[in-house]
Every structure is written in C-alpha cells, then in structure tokens.
Amino acid sequence: MKIPTSITPDISMRSLLLAVGIASSSVALQAQVNAEQVLTIGRNVLSMEDYMLSIQYFNQAIKAKPYLADPYLYRAIAKLNLDDYQGAEADCNKAIELNKFKTEAYKVRGFARLCLGKEEVAIEDYNVGLTHNPIDKYFLFYKAVAQTDLKRYESADSTFSTLLRQFPKFEEGFAARGRLNLERGDTIAALEDLDSALKLSKSLINPYLMRAAIEWKRKEWDKAAEDMDAAIRLRPEVADLYVNRAFIRYNSDDFFGAMSDYNYALELEPENTSALFNRALLRYEVKDLSRSEDDMTTVLKIDPANFHALYNRGLIRLEQGKNKEALSDFDAITKKYPRFYPVYYAMAEAHRNLGDMRSAMQLAYHADDLVKKYVKNPEKNPLDRPAIAAAESNDVNEQADHEESEIEVMDKFNRLVTVSKAVDTQLSYNEKIKGRVQDRNVQVEPEPMYALTLSETPVTLKSVSNYFRDLDDLNRQRYISKQFYLNPGTPSAFDEDDAQRLFGYADELKEQIIAGKGRPIDRLALGITLTMLKNYPEAIENLDKVLEFDDKFTVAYMARAFAKYANAKAQEKAKSQSSDNDNLLDRRATAAALQDVLNDYDHALQLNPRLVYAWFNKGNIFYAAGDFTSALQCYGEAIKIDPTFGEAYFNRGLSYLQSGNKNLAFSDLSKAGELGVLPSYNILKRMK
C-alpha cells in the first residue's frame, strides 16, 4: 500500500504563513520609506505565493537595510515554500543574530530543520518559542510532529494532548495525531483522529490519504476509492493521485476507470513512469500488445535503468513473437541480476520458439537449480531482487514484505505499481516564475554561455542588465542603427519574420563591405548577425578582420570566442555522426579548437580583468570538458567580481556536485535560487 500516510511539512505551510503574520501589518519597521515599501510589496507577493519574485524584493530590502531581521525572516519563509530548507535555516540564523527576540524566526527555523531531518535541534527551537508562549498552537504542533519523527511516541502523545486541549478545533492537530497512532499500530485510534480532522475541515488532503491507506490494506476498495476521490477533488492537478486511484479501481474490477485514470495522469504529466508502466500492463492484459510495448519503451527512454520495465517489455515482445528482441531485453537483466530466476524461464521460452531446444533446456535447468539452492539454504544462496519501483516502498505498519519468501516477492515483478509520495508536487501557478518552481523537473545542465546578439532577451528575475563597460561605450557611440546586447546564449529558433530580418540585415552589411564602404563596426555587426544565424565560419572570418584592424577590441574578442566555440561544437557533433571518423584526431582537433576559444577570452580578460562574462564562459568550457577544478576556479573569479551573479553560483554548484562536494553544492545552489536562477530549487529538492 503506497498512499502517503505522514503529515508532511507541505500540508501545514499555510498554517505557518498565518502563524507569522505574512499578510498582516504587525511588523513595525524603523526604516526609510522606500525600504518599507519594498518589504511590504515583498510580503504581499509572498502571501500570493509568488515565492521567486518575493525573494527579489526581500533581497532589495536587505541591500538597503542589512541590519533589519524581518527581510531575512520573510525570505526564509519564501525559501521554505521552494523546499530550500538549508537556505531558509541560514536566513533564520541571520534574523536571530540580528534580533534574538524574534520569536517567529525560531518557528520558521524549527520548521526548516524539521524538513532537513534535524528533529533534535528543531525541538530546541520550539522549546525556545514555548518559553515565551507555552500554549502557542504551532510551536506545540511542530514539536509533536518532530517527536513523532523521532519515534518518541509517549512524548508526542503528551504534546498533542496539550495542543488539542487548548485548541479542540485544530484539524491539523487531529490529523497529525492520527499519523502518530497509525505509526504506533493503533488503527482504531488513528481512524477516530482522522474522522475528527475531516469533520472539522474537508479541505485537508492527508487525512483522506491516510484513511484510504488503512482501507486499502483492509481491501475495502469502495471506501478507499471514495477517499481518493476526495483527495483528487482537493488536488486535481497531481498526476500521481490518479495513478493510485487507478490501482484501487483496478482491484475493484473497474478496468475502464483505471485506464481512464492512467490516461488522464499522462495528460497532466506525459513522462509519469508509474502511469506509463501500469497502462502498459493493462494494455498487455487485454492483448493490446503493440501499444503496451510502446508504453514500456517510453518508460525505458525516461528511465533506462528500470529493469522492472525491461523485464515486462521482454515478456510483451515474447508474446508478440519478437523472440530475438525479447532475448536482448532478458540478456540485459541477467548481466545485472544473474540470480533473478524468472528471466531464465522466459529466455528458455524464447529459445524454444526459435527452435533452439538445447539452449532452452539449459536455461530452464539453470532456473530450477537457482530455486532449489535457495530453498535448501536461503542465506547461502540468495536470489536477486531487482528494484520493483514503488511496489515495495514503505507501507504504514505493513511488515508482510519482510515475511514473504523471496520467490513470492519476485512474483510481484509484473504487478501494478503505486506512488508513495503522491502529493509532493504542488503547482499553484502555471507561469514559469511563479508557484513551486522546484517541482518542475528540469534537465540538469549549466546555465548557458553569454553571447553578443542584436536582440534583447525577455525580462528575467535578474535585477541588473548584462552590462560591461566596453559594450556600453560602443553602444553610446551610435555607430550603427542597432544596439548590441549580451545575452545568455543565442536564440535557438526564429520565426520566419525574425529570420528574414536577420538575413536582410546581413545582406545589407555585406553590400556595404563589397562596395568598399564597410567599417570595422559593420564587420562586427555582420559577424554577430551571422553567429545568430549559425553561419559560424563566415562569422569568424569577419571578426578576424575586425581584430586585424584593432587588436585591443574587447567586444570583438568576446564575439569571436563565442562564434569559435559554437563552431567547434557544431563540427564535433557532425564528426560524431560520421562513421569513418578518427576518434584520436577528432579529440585533438576539438582540444585545439577549445584552446583557441580560451585564448580569445584570455585576450578579453587582459584588456578588462573584471569582465565577469569572460570568466563565466571560460568556466562553461572547462565544465563541458569535464575539468571541474578549472571550472570552479573560473566561476569563483566571476563571483569575486560580482557576488550577485546567480548563474555563476548555479554553475559552480553543479561543478561542486560533479566533484562530489555536496555541501558546497547545496550552498551555491541555494544562493543561485535566491538570486533568481529558477532550476536551483528543483535540483535542491532532487538532491535531498
């Protein structure tokens, strides 16, 4: 049974926000009017759950008045909502350092520490708060939750009793005590508390999920379905809830309802592997073999190490008569799990279908031998147990898996799976910079290199433009009708009108140059335009001419370096797709090309040692080459020059992560998120 049964910090975040007065005007600030306005706007934005944007306002307030505790406190709350618990704890430390009587900071820090698994020190924070107010609802509540997490059930029960005696209509208190009773094995008491919570409020999701878990275990499918229906009404955007309801419907013989839930889950989240896997099994059951195979193949594209899916795809292919393809899947499993006996029976069948009776008999005998040895002496001859997705994760109060034999467990290998943390993904807004951005799965890759362009990128959360002196001086001279911009990367795609405008401008510049009227600035503009159009060789040729005219032109070195890098990557990709390439020569050519790029950035840095974007781009080149030590040095230089350079923190965090330094990676990614780099919080969440 995989329905979540714990009171997670998520469900009580709303209570925490109310407890510290986010939307109220209780904070008395002795600050200048502009700082007060910035903080007020930030608090209003925070109350509207626009966490990323609120952090930017609190950053401004901190910059204006670094001695105030409140901006740190409210920024900590925003970070909590983004699952950046380490960052929230650090901000609370600063708030308490500035004002040790700021009781709300202990509440928030305790919450962050609870989420980080630091229950002991979280309880210390709650105790500090309770010395000021012994009957504070939220200090009591979170202290009891921490005690439950530490399995101090008697102490937790005592704290819950105090809490509910003082606040008999506190629904979350009953829900949390229900979890405590469930962990203690007192199902009757747990159900009473969960029923009490739902009588007080129908808007809490976890009581429904915990109650459904109990009903699920009892095989009371109709009741479990009703509670899952209620949970889905509260959180209709969460795909995993439909996956779990589909499992219940399947066990109620509602095949059509189960299939509908899997289909809808995949509309919400097309790469939900649990939904894809289960839908494949249902399609297999009704002999829709082709589409069943397609679903399993999609699972393996998303998660190539999913042997659960690989084994089942092999079985599907076996039934389709694709014996050689099935054997390919089964062979991959035996290499990883040589004592997973069912795969040998499946391989035996495939060989038998191909007419190879000798191999079939040998494989069947081998499987028999594995089972006989296990039955004779399980400890000496254990069988392999490939990970079965969520099918064996932590059921509440369920020890059956530990009591089952190894063989019985492996019989589950092609059963439907469920999702144990179905409510961990909440999206309050659809906009890219609003809501719980850490729940948007992103590909872990560094922020892109900076390139010169002739178009401005959309406004981001960065508080400053991508400025450097040489570029600003050039633009102020108005040598050409257009402006030069420094942007992260170049546009990956143009619409037809944009492309036509760029090509037209390039032709216009070429005509001037051919007519003898072209100036170095025109060649610079042409080189940048051609780079945007991905005509890198011609771009480099024109930028070479610019630097022949003026070898101290920093902007031209930046433009040429990027064009050379893009050209080297394009050539590398083209050669990798060629069947007759010489790998050693290719590696040497690529290394030489990258060194040429680095030389250009070094020239730019000789002319302008504080050019952070040159340091950043160098860091990206080293990162791509796997030289993380050099990458760390370059990103560090960029951060020394500009401590607000969020992308440099982000990429340095990834470099630390690649180097195995998780603590420094956490610190840098937290800082990057604070500075507006959206993917940071998703990575922080996935690293936990």
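Helix pairs, aromatic rings and buried side chains

Guide: Phe277, Leu281 and Tyr284 of helix α16 meet His308, Ala309, Asn312, Leu315, Ile316 and Glu319 of helix α18. A contact here means heavy atoms within 4.5 Å. This is a predicted model, in which local features need pLDDT of at least 70 and side-chain atom pairs count only at pLDDT 80 or more, while totals for chains, interfaces and linings use all residues. Residues are numbered from 1 along each chain as its sequence is written, and side-chain values use heavy atoms, with hydrogens and water left out.

Visitor: What makes the residues in the contact of α16 with α18 nonpolar, polar or charged by class?

Guide: Ala, Val, Leu, Ile, Met, Phe, Trp, Tyr, Cys and Pro count as nonpolar, Asp, Glu, Lys and Arg as charged, and the others, Gly among them, as polar. Sorted that way, the contact of α16 with α18 has 6 nonpolar, 2 polar and 1 charged residues.

Visitor: Why is α16 called roughly parallel to α18?

Guide: The axes of α16 (residues 273-285) and α18 (residues 307-320) come within 11 Å and cross at roughly 20 degrees. That angle makes α16 roughly parallel to α18. Angles under 35 degrees count as roughly parallel, over 145 as roughly antiparallel, 65 to 115 as roughly perpendicular and the rest as oblique. The axes are lines fitted to C-alpha atoms, for helices over the stretch in contact, with angles from 0 to 180 degrees between N-to-C directions. The crossing of α16 and α18 is left-handed, a word used if the near helix is turned anticlockwise from the far one by less than a right angle, right-handed being the clockwise case.

Visitor: How do you know what counts as a helix or a strand?

Guide: Both are DSSP runs numbered from the N terminus: helices are H or I of at least four residues, strands E of at least two. The protein chain has 34 helices and 2 strands.

Visitor: Why is the pair of tyrosine 311 and phenylalanine 340 called edge-to-face?

Guide: A pair of aromatic rings is described by the distance of the centres and the angle of the planes. Rings of Phe, Tyr and Trp (its six-membered ring) pair if their centres lie within 6.5 Å; planes under 30 degrees apart count as stacked, over 60 as edge-to-face and the rest as tilted. The count by this rule is 22 aromatic pairs. Tyrosine 311 and phenylalanine 340 have ring centres 5.4 Å apart and planes at 75 degrees, so the pair is edge-to-face. Tyrosine 311 lies in α18 and phenylalanine 340 in the loop between α19 (323-336) and α20 (342-353), so the pair ties together parts that are 29 residues apart in sequence. Both tyrosine 311 and phenylalanine 340 are buried.

Visitor: What makes the rings of tyrosine 341 and tyrosine 345 an edge-to-face pair?

Guide: Their centres are 6.1 Å apart and their planes stand at 90 degrees, so this pair is edge-to-face too.

Visitor: How do you know whether tyrosine 341 is buried or exposed?

Guide: Buried means under 20% relative accessible area, exposed over 50%, and partly exposed in between (1.4 Å probe, protein chains only). Tyrosine 341, at 9%, therefore counts as buried, whereas tyrosine 345, at 33%, is partly exposed. Of the 688 residues of the protein chain, 53% count as buried.

Visitor: Why does asparagine 59 count as buried?

Guide: Its relative accessibility is 16%, so asparagine 59 counts as buried. Asparagine 59 sits in helix α3 (residues 51-64) and touches Arg75 and Glu674, not counting residues up to four places away in sequence.

Visitor: What makes arginine 478 exposed?

Guide: The relative accessible area of arginine 478 is 59%, so this residue is exposed. Arginine 478 lies in the loop between α24 (469-477) and β2 (485-488). Most residues other than glycine have a negative phi. Arginine 478 has a positive phi of about 55 degrees although it is not a glycine.
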